[in-house]
Amino acid sequence: MPEILGRYVNIRGRRTYFETCGDGPAILAIHTAGREGRQWQGVMELLASRYRVVVPDLPGHGKSWPLAGNECLQDAHDIAQWLRDFAASVIGDSFIVTGCSLGGNLSLLMGATFGEVRGVVSLQGCDFTPTFTDTALDLMTHPQVSLMHANMDFSMSLVGSKSTPEGRAFSEWGVLSIIPVAQQGDLRAYGRCDIRSLMEKVTVPVLLAHGSEDWLASREMVEATKERLVNASLVRMVPLPGLGHFPHLEDPARVSEMMLTFFDEAGL
Amino acid sequence: MDISDGTFWDELVEAANGDPDLRRKCAHARACTFAVKIDDVQHMLEFHRGTLRRLETRDLTGARFSISGPKAEWQKVITGAVPYARAINVFHGRLKVEGDALAAMWTTPALWQLWRVSASLSGSMTHA
(Lines give C-alpha, C1' and ligand atoms only; values in the text may rest on other atoms or scores of the structure.)
Protein backbone atom coordinates (compact mmCIF):
# COMPACT_ATOMS: atom_id res chain seq x y z
CA MET A 1 0.00 0.00 0.00
CA PRO A 2 1.53 3.36 -0.99
CA GLU A 3 2.19 5.66 1.94
CA ILE A 4 0.08 8.79 2.36
CA LEU A 5 2.03 11.57 4.03
CA GLY A 6 0.40 14.47 5.89
CA ARG A 7 2.18 17.80 6.33
CA TYR A 8 1.59 21.46 7.02
CA VAL A 9 2.61 24.43 4.89
CA ASN A 10 2.07 28.12 5.48
CA ILE A 11 -0.17 29.70 2.86
CA ARG A 12 -0.79 33.42 3.32
CA GLY A 13 0.43 33.08 6.89
CA ARG A 14 -2.03 30.34 7.86
CA ARG A 15 -1.18 26.72 8.51
CA THR A 16 -2.60 24.54 5.75
CA TYR A 17 -2.81 20.79 6.03
CA PHE A 18 -2.27 18.63 2.96
CA GLU A 19 -1.58 15.02 2.07
CA THR A 20 0.58 13.61 -0.71
CA CYS A 21 0.99 10.17 -2.16
CA GLY A 22 3.01 8.72 -5.01
CA ASP A 23 5.68 9.83 -7.46
CA GLY A 24 5.45 11.34 -10.91
CA PRO A 25 3.65 14.24 -12.55
CA ALA A 26 1.64 16.24 -10.02
CA ILE A 27 -2.11 16.13 -9.62
CA LEU A 28 -3.81 18.69 -7.40
CA ALA A 29 -7.07 17.22 -6.04
CA ILE A 30 -9.80 19.37 -4.50
CA HIS A 31 -12.41 18.10 -2.04
CA THR A 32 -16.15 18.76 -2.14
CA ALA A 33 -17.98 21.55 -0.32
CA GLY A 34 -17.65 21.51 3.44
CA ARG A 35 -15.62 18.30 3.51
CA GLU A 36 -11.88 17.61 3.54
CA GLY A 37 -9.13 15.88 1.64
CA ARG A 38 -9.44 12.39 3.12
CA GLN A 39 -12.20 11.69 0.62
CA TRP A 40 -9.45 11.45 -2.04
CA GLN A 41 -7.32 8.84 -0.22
CA GLY A 42 -8.61 5.86 -2.17
CA VAL A 43 -7.86 7.50 -5.52
CA MET A 44 -4.48 8.76 -4.27
CA GLU A 45 -3.33 5.23 -3.49
CA LEU A 46 -4.46 3.89 -6.84
CA LEU A 47 -2.72 6.62 -8.84
CA ALA A 48 0.45 6.59 -6.74
CA SER A 49 2.51 4.35 -9.01
CA ARG A 50 2.37 6.92 -11.80
CA TYR A 51 1.42 10.28 -10.26
CA ARG A 52 2.10 12.41 -7.21
CA VAL A 53 -1.30 13.38 -5.88
CA VAL A 54 -1.47 16.43 -3.60
CA VAL A 55 -4.65 17.10 -1.62
CA PRO A 56 -5.07 20.17 0.59
CA ASP A 57 -7.76 20.83 3.15
CA LEU A 58 -9.14 24.25 2.20
CA PRO A 59 -8.86 26.95 4.90
CA GLY A 60 -11.11 26.10 7.85
CA HIS A 61 -11.69 22.53 6.63
CA GLY A 62 -10.30 19.33 8.13
CA LYS A 63 -7.00 20.13 9.83
CA SER A 64 -6.32 23.42 8.03
CA TRP A 65 -6.55 26.55 10.09
CA PRO A 66 -9.24 29.03 9.10
CA LEU A 67 -8.47 32.48 7.77
CA ALA A 68 -8.08 35.43 10.16
CA GLY A 69 -11.27 35.99 12.15
CA ASN A 70 -12.22 32.33 11.76
CA GLU A 71 -13.37 33.08 8.23
CA CYS A 72 -13.55 30.74 5.25
CA LEU A 73 -13.37 31.61 1.57
CA GLN A 74 -16.76 32.23 -0.05
CA ASP A 75 -16.08 32.94 -3.70
CA ALA A 76 -14.97 30.53 -6.42
CA HIS A 77 -12.39 32.93 -7.85
CA ASP A 78 -10.92 33.54 -4.38
CA ILE A 79 -10.70 29.81 -3.68
CA ALA A 80 -9.06 29.22 -7.07
CA GLN A 81 -6.48 31.90 -6.35
CA TRP A 82 -5.80 30.38 -2.92
CA LEU A 83 -5.32 26.98 -4.57
CA ARG A 84 -2.92 28.57 -7.05
CA ASP A 85 -0.88 29.95 -4.16
CA PHE A 86 -0.93 26.54 -2.49
CA ALA A 87 0.19 24.77 -5.67
CA ALA A 88 2.97 27.29 -6.25
CA SER A 89 4.26 26.55 -2.76
CA VAL A 90 3.86 22.78 -2.67
CA ILE A 91 4.03 21.67 -6.31
CA GLY A 92 5.98 24.53 -7.90
CA ASP A 93 5.47 23.27 -11.44
CA SER A 94 2.70 22.61 -13.91
CA PHE A 95 0.06 20.18 -12.73
CA ILE A 96 -3.17 18.39 -13.55
CA VAL A 97 -6.09 19.56 -11.47
CA THR A 98 -9.03 17.46 -10.40
CA GLY A 99 -11.91 18.01 -8.03
CA CYS A 100 -15.46 17.07 -7.33
CA SER A 101 -18.63 19.18 -7.11
CA LEU A 102 -17.38 22.61 -6.03
CA GLY A 103 -13.92 21.13 -6.61
CA GLY A 104 -15.03 20.15 -10.11
CA ASN A 105 -16.17 23.69 -10.83
CA LEU A 106 -12.88 25.00 -9.43
CA SER A 107 -10.92 22.60 -11.64
CA LEU A 108 -12.61 24.07 -14.70
CA LEU A 109 -12.03 27.62 -13.47
CA MET A 110 -8.35 26.94 -12.80
CA GLY A 111 -8.01 25.31 -16.23
CA ALA A 112 -9.49 28.44 -17.80
CA THR A 113 -7.41 30.98 -15.94
CA PHE A 114 -4.06 29.53 -14.80
CA GLY A 115 -1.38 28.66 -17.34
CA GLU A 116 0.30 26.13 -15.06
CA VAL A 117 -2.70 23.78 -15.35
CA ARG A 118 -1.97 21.11 -17.98
CA GLY A 119 -5.11 19.04 -17.72
CA VAL A 120 -8.50 19.00 -15.97
CA VAL A 121 -10.51 16.13 -14.53
CA SER A 122 -13.80 17.53 -13.33
CA LEU A 123 -16.09 15.20 -11.37
CA GLN A 124 -19.67 16.48 -11.14
CA GLY A 125 -18.24 19.84 -12.22
CA CYS A 126 -20.28 22.48 -14.03
CA ASP A 127 -19.77 26.08 -15.04
CA PHE A 128 -23.13 27.30 -13.68
CA THR A 129 -24.65 25.99 -10.44
CA PRO A 130 -27.31 28.34 -9.03
CA THR A 131 -28.63 25.63 -6.72
CA PHE A 132 -28.78 27.27 -3.26
CA THR A 133 -30.81 30.25 -2.07
CA ASP A 134 -29.38 32.90 0.22
CA THR A 135 -31.98 31.92 2.83
CA ALA A 136 -30.74 28.33 2.84
CA LEU A 137 -27.14 29.48 3.03
CA ASP A 138 -27.79 31.98 5.82
CA LEU A 139 -29.50 29.29 7.91
CA MET A 140 -26.39 27.11 7.83
CA THR A 141 -24.77 29.17 10.57
CA HIS A 142 -27.94 30.05 12.46
CA PRO A 143 -27.47 29.26 16.17
CA GLN A 144 -30.61 27.14 16.20
CA VAL A 145 -29.73 24.98 13.22
CA SER A 146 -27.75 21.75 13.39
CA LEU A 147 -26.51 20.87 9.94
CA MET A 148 -25.57 17.36 11.01
CA HIS A 149 -29.29 16.70 11.41
CA ALA A 150 -30.82 19.04 8.85
CA ASN A 151 -28.43 18.12 6.03
CA MET A 152 -28.16 14.37 6.45
CA ASP A 153 -31.02 13.26 4.21
CA PHE A 154 -30.12 15.83 1.58
CA SER A 155 -26.46 14.78 1.46
CA MET A 156 -27.15 11.07 1.50
CA SER A 157 -29.70 11.42 -1.30
CA LEU A 158 -26.73 12.43 -3.44
CA VAL A 159 -24.82 9.17 -2.88
CA GLY A 160 -25.23 6.63 -5.67
CA SER A 161 -26.71 3.15 -5.27
CA LYS A 162 -23.43 1.53 -6.37
CA SER A 163 -21.29 3.31 -3.80
CA THR A 164 -19.00 1.12 -1.76
CA PRO A 165 -20.14 0.74 1.86
CA GLU A 166 -16.97 2.58 2.92
CA GLY A 167 -17.76 5.48 0.61
CA ARG A 168 -21.31 5.69 1.88
CA ALA A 169 -20.17 5.55 5.51
CA PHE A 170 -17.57 8.29 5.01
CA SER A 171 -20.14 10.46 3.23
CA GLU A 172 -22.30 10.13 6.31
CA TRP A 173 -19.34 10.93 8.53
CA GLY A 174 -18.76 14.04 6.42
CA VAL A 175 -22.18 15.32 7.44
CA LEU A 176 -21.80 14.30 11.08
CA SER A 177 -18.50 16.16 11.35
CA ILE A 178 -19.49 19.20 9.37
CA ILE A 179 -18.08 22.66 10.10
CA PRO A 180 -21.01 24.97 9.34
CA VAL A 181 -19.01 28.08 8.41
CA ALA A 182 -16.88 26.03 6.02
CA GLN A 183 -19.91 24.43 4.42
CA GLN A 184 -21.62 27.78 4.12
CA GLY A 185 -18.64 29.46 2.48
CA ASP A 186 -18.19 26.65 -0.03
CA LEU A 187 -21.85 26.46 -0.96
CA ARG A 188 -22.01 30.23 -1.31
CA ALA A 189 -19.16 29.90 -3.78
CA TYR A 190 -20.92 26.98 -5.48
CA GLY A 191 -24.35 28.58 -5.60
CA ARG A 192 -23.00 31.79 -7.06
CA CYS A 193 -20.60 30.09 -9.47
CA ASP A 194 -21.15 31.27 -13.01
CA ILE A 195 -18.02 30.77 -15.10
CA ARG A 196 -19.79 30.06 -18.39
CA SER A 197 -18.05 32.93 -20.16
CA LEU A 198 -14.63 31.51 -19.21
CA MET A 199 -15.05 28.03 -20.66
CA GLU A 200 -13.86 29.09 -24.11
CA LYS A 201 -10.51 29.97 -22.50
CA VAL A 202 -9.83 26.35 -21.55
CA THR A 203 -7.30 24.94 -24.02
CA VAL A 204 -5.96 21.94 -22.09
CA PRO A 205 -7.46 18.41 -22.16
CA VAL A 206 -10.63 18.06 -20.07
CA LEU A 207 -12.36 14.99 -18.68
CA LEU A 208 -15.90 15.57 -17.42
CA ALA A 209 -17.20 12.65 -15.39
CA HIS A 210 -20.74 12.37 -14.18
CA GLY A 211 -22.21 10.04 -11.59
CA SER A 212 -25.56 9.22 -13.17
CA GLU A 213 -27.50 9.28 -9.89
CA ASP A 214 -26.46 12.81 -8.93
CA TRP A 215 -29.55 14.99 -9.13
CA LEU A 216 -27.78 18.17 -7.93
CA ALA A 217 -25.08 18.49 -10.60
CA SER A 218 -27.24 16.96 -13.28
CA ARG A 219 -26.18 15.38 -16.55
CA GLU A 220 -27.80 18.26 -18.42
CA MET A 221 -25.68 20.77 -16.50
CA VAL A 222 -22.47 18.88 -17.26
CA GLU A 223 -23.42 18.51 -20.92
CA ALA A 224 -24.11 22.23 -21.17
CA THR A 225 -20.64 22.86 -19.73
CA LYS A 226 -19.12 20.48 -22.27
CA GLU A 227 -20.73 22.42 -25.12
CA ARG A 228 -18.93 25.55 -24.00
CA LEU A 229 -15.47 23.92 -23.94
CA VAL A 230 -14.96 24.81 -27.59
CA ASN A 231 -11.19 25.37 -27.45
CA ALA A 232 -10.05 22.52 -25.22
CA SER A 233 -7.52 20.30 -26.98
CA LEU A 234 -9.49 17.21 -25.95
CA VAL A 235 -12.86 16.85 -24.22
CA ARG A 236 -14.24 13.60 -22.94
CA MET A 237 -17.43 13.07 -20.95
CA VAL A 238 -17.71 9.79 -19.08
CA PRO A 239 -20.96 8.64 -17.45
CA LEU A 240 -20.58 6.72 -14.21
CA PRO A 241 -23.71 4.58 -13.83
CA GLY A 242 -24.82 3.94 -10.29
CA LEU A 243 -22.61 6.61 -8.78
CA GLY A 244 -23.77 9.90 -7.36
CA HIS A 245 -22.33 13.23 -6.33
CA PHE A 246 -19.08 11.86 -4.85
CA PRO A 247 -17.67 9.37 -7.40
CA HIS A 248 -14.06 9.51 -6.12
CA LEU A 249 -15.30 8.56 -2.66
CA GLU A 250 -18.03 6.17 -3.78
CA ASP A 251 -15.84 4.08 -6.09
CA PRO A 252 -12.15 5.05 -6.09
CA ALA A 253 -11.19 2.10 -8.31
CA ARG A 254 -13.57 3.05 -11.11
CA VAL A 255 -12.57 6.72 -10.94
CA SER A 256 -8.84 5.93 -10.91
CA GLU A 257 -9.16 3.63 -13.90
CA MET A 258 -11.14 6.27 -15.77
CA MET A 259 -8.49 8.88 -14.99
CA LEU A 260 -5.60 6.71 -16.12
CA THR A 261 -7.35 5.91 -19.40
CA PHE A 262 -7.87 9.62 -19.99
CA PHE A 263 -4.31 10.54 -19.02
CA ASP A 264 -3.01 7.98 -21.53
CA GLU A 265 -5.23 9.30 -24.30
CA ALA A 266 -4.34 12.93 -23.53
CA GLY A 267 -0.63 12.27 -23.10
CA LEU A 268 -0.67 13.52 -19.55
CA MET B 1 -54.70 7.02 -5.18
CA ASP B 2 -55.61 10.70 -5.37
CA ILE B 3 -52.95 12.61 -3.46
CA SER B 4 -55.14 15.72 -3.40
CA ASP B 5 -57.87 13.95 -1.49
CA GLY B 6 -58.17 14.14 2.28
CA THR B 7 -58.61 10.38 2.46
CA PHE B 8 -55.09 9.87 1.20
CA TRP B 9 -53.67 12.24 3.80
CA ASP B 10 -55.66 10.56 6.57
CA GLU B 11 -54.17 7.22 5.54
CA LEU B 12 -50.73 8.76 5.37
CA VAL B 13 -51.10 10.26 8.85
CA GLU B 14 -52.14 6.89 10.22
CA ALA B 15 -49.16 5.18 8.56
CA ALA B 16 -46.81 7.92 9.75
CA ASN B 17 -47.90 7.53 13.35
CA GLY B 18 -47.14 3.81 13.07
CA ASP B 19 -43.59 4.53 11.93
CA PRO B 20 -41.10 4.61 14.84
CA ASP B 21 -38.52 6.57 12.82
CA LEU B 22 -40.96 9.32 12.03
CA ARG B 23 -42.17 9.48 15.63
CA ARG B 24 -38.58 9.84 16.81
CA LYS B 25 -37.77 12.48 14.23
CA CYS B 26 -40.66 14.72 15.23
CA ALA B 27 -40.48 14.06 18.96
CA HIS B 28 -39.07 17.56 19.51
CA ALA B 29 -41.84 19.33 17.57
CA ARG B 30 -44.40 21.38 19.46
CA ALA B 31 -47.56 22.29 17.53
CA CYS B 32 -45.58 22.68 14.33
CA THR B 33 -48.31 23.19 11.77
CA PHE B 34 -47.61 23.27 8.08
CA ALA B 35 -49.68 23.46 4.93
CA VAL B 36 -49.45 21.15 1.97
CA LYS B 37 -50.73 22.87 -1.18
CA ILE B 38 -51.31 20.65 -4.19
CA ASP B 39 -52.37 22.89 -7.06
CA ASP B 40 -55.33 24.68 -5.46
CA VAL B 41 -56.09 22.04 -2.83
CA GLN B 42 -54.74 22.58 0.67
CA HIS B 43 -54.27 20.38 3.69
CA MET B 44 -53.03 21.42 7.13
CA LEU B 45 -50.80 19.03 9.06
CA GLU B 46 -49.15 19.26 12.45
CA PHE B 47 -46.14 17.62 14.03
CA HIS B 48 -46.55 17.57 17.81
CA ARG B 49 -44.55 15.59 20.36
CA GLY B 50 -43.81 12.69 18.09
CA THR B 51 -47.10 12.47 16.28
CA LEU B 52 -48.56 13.77 13.05
CA ARG B 53 -52.19 14.80 12.61
CA ARG B 54 -54.29 16.42 9.94
CA LEU B 55 -56.21 19.50 11.04
CA GLU B 56 -59.75 19.88 9.81
CA THR B 57 -59.45 23.50 8.78
CA ARG B 58 -59.23 25.53 5.63
CA ASP B 59 -57.70 28.43 7.54
CA LEU B 60 -53.99 28.35 6.90
CA THR B 61 -53.07 31.43 8.92
CA GLY B 62 -51.69 29.25 11.70
CA ALA B 63 -49.29 27.36 9.45
CA ARG B 64 -45.64 27.88 10.29
CA PHE B 65 -44.70 27.13 6.73
CA SER B 66 -46.18 25.78 3.54
CA ILE B 67 -45.00 23.46 0.80
CA SER B 68 -46.73 24.17 -2.48
CA GLY B 69 -46.58 23.15 -6.09
CA PRO B 70 -48.18 21.30 -8.96
CA LYS B 71 -49.74 17.90 -8.43
CA ALA B 72 -47.36 16.21 -10.87
CA GLU B 73 -44.35 17.26 -8.79
CA TRP B 74 -46.07 16.25 -5.54
CA GLN B 75 -46.80 12.88 -7.07
CA LYS B 76 -43.07 12.34 -7.60
CA VAL B 77 -42.23 13.22 -4.00
CA ILE B 78 -45.01 11.15 -2.48
CA THR B 79 -44.17 8.07 -4.51
CA GLY B 80 -40.44 8.47 -3.91
CA ALA B 81 -39.66 9.05 -7.58
CA VAL B 82 -37.58 12.13 -6.75
CA PRO B 83 -35.88 13.10 -3.48
CA TYR B 84 -37.60 15.79 -1.43
CA ALA B 85 -34.50 17.99 -1.68
CA ARG B 86 -34.65 17.92 -5.46
CA ALA B 87 -38.34 18.79 -5.49
CA ILE B 88 -37.79 21.90 -3.34
CA ASN B 89 -34.45 22.90 -4.91
CA VAL B 90 -34.46 26.42 -6.29
CA PHE B 91 -32.92 25.27 -9.59
CA HIS B 92 -34.22 21.75 -10.09
CA GLY B 93 -37.54 21.59 -8.28
CA ARG B 94 -41.09 22.82 -8.68
CA LEU B 95 -42.20 22.85 -5.04
CA LYS B 96 -41.80 25.96 -2.91
CA VAL B 97 -41.24 26.08 0.83
CA GLU B 98 -42.41 29.40 2.23
CA GLY B 99 -42.92 30.83 5.70
CA ASP B 100 -40.86 30.15 8.81
CA ALA B 101 -37.60 28.83 7.38
CA LEU B 102 -36.37 27.73 10.80
CA ALA B 103 -39.45 25.61 11.44
CA ALA B 104 -39.08 24.07 8.01
CA MET B 105 -35.42 23.31 8.78
CA TRP B 106 -36.20 21.79 12.20
CA THR B 107 -38.73 19.44 10.69
CA THR B 108 -36.61 18.50 7.67
CA PRO B 109 -35.69 15.00 8.97
CA ALA B 110 -39.33 14.32 9.85
CA LEU B 111 -40.49 15.49 6.44
CA TRP B 112 -37.99 13.23 4.65
CA GLN B 113 -39.26 10.35 6.75
CA LEU B 114 -42.85 11.27 5.96
CA TRP B 115 -42.14 10.99 2.23
CA ARG B 116 -40.50 7.60 2.82
CA VAL B 117 -43.69 6.48 4.54
CA SER B 118 -45.76 7.89 1.69
CA ALA B 119 -43.63 6.08 -0.88
CA SER B 120 -44.14 2.85 1.00
CA LEU B 121 -47.86 3.54 1.31
CA SER B 122 -48.30 4.43 -2.35
CA GLY B 123 -46.30 1.37 -3.35
CA SER B 124 -48.51 -0.94 -1.33
CA MET B 125 -51.61 0.75 -2.69
CA THR B 126 -50.33 0.44 -6.23
CA HIS B 127 -49.75 -3.26 -5.82
CA ALA B 128 -52.95 -3.90 -3.88
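1. Ground rules. This being a predicted model, local features need pLDDT of at least 70 and side-chain atom pairs count only at pLDDT 80 or more, while totals for chains, interfaces and linings use all residues. Residues are numbered from 1 along each chain as its sequence is written, chains are lettered from A and ligands numbered from 1 in the order in which they are written, and side-chain values use heavy atoms, with hydrogens and water left out.

2. The largest pocket. It holds about 830 Å³ of space. (A pocket, on a 1 Å grid over the protein atoms alone, is an open set of points where a 1.4 Å probe fits, with protein on both sides within 12 Å along at least five of seven lines; lining residues have an atom within 4 Å of a point. Points are joined across faces, edges and corners, and a volume is the space filled by probe spheres set on them.) The lining runs to 33 residues, and A:T133, A:A136, B:I88, B:N89 and B:V97 are the closest to the centre. Elements giving two or more residues are α4 (134-139) and α5 (147-150) from chain A, plus α4 (84-87), β5 (96-99), α5 (101-106) and α6 (108-127) from chain B. (Helices are DSSP runs of H or I, at least four residues, and strands runs of E, at least two, numbered from the N terminus.) β5(B) has the largest share, four residues.

3. The lining of the largest pocket splits into 21 nonpolar, eight polar and four charged residues. (Ala, Val, Leu, Ile, Met, Phe, Trp, Tyr, Cys and Pro count as nonpolar, Asp, Glu, Lys and Arg as charged, and the others, Gly among them, as polar.)

4. The second largest pocket. Here the volume is about 450 Å³. Of 18 lining residues, A:M148, A:H149, A:A150, B:K25 and B:P109 are the closest to the centre. On the chain A side, α5 and α6 (152-156) each supply at least two lining residues, as do α2 (20-25), α5 and α6 of chain B. By class that is nine nonpolar, five polar and four charged.

5. The interface. Contact (heavy atoms within 4.5 Å) involves 18 residues of chain A and 15 residues of chain B. Together the chains bury about 1500 Å², 74% of it on carbon and sulfur atoms. (Buried area is the accessible area, 1.4 Å probe, that two parts lose on being put together, summed over both.) The rule finds one salt bridge across this interface, with a side-chain nitrogen of Lys or Arg within 4 Å of a carboxyl oxygen of Asp or Glu as the criterion. B:R116 pairs with A:D153 in a salt bridge, closest N and O atoms 2.5 Å apart.

6. The cavity. One cavity of 30 Å³ or more turns up; unlike a pocket, a cavity is a set of points the probe cannot get out of. The largest cavity is about 130 Å³. Among its 14 lining residues, A:A33, A:F154, A:L158, A:L187 and A:H245 are the closest to its centre. α8(A) gives the most to this lining, three residues.

7. A:D264 is in helix α11 (residues 252-266) of chain A and A:R50 in the loop between α1 (41-47) and β4 (52-56) of chain A, so the pair ties together parts 214 residues apart in sequence.
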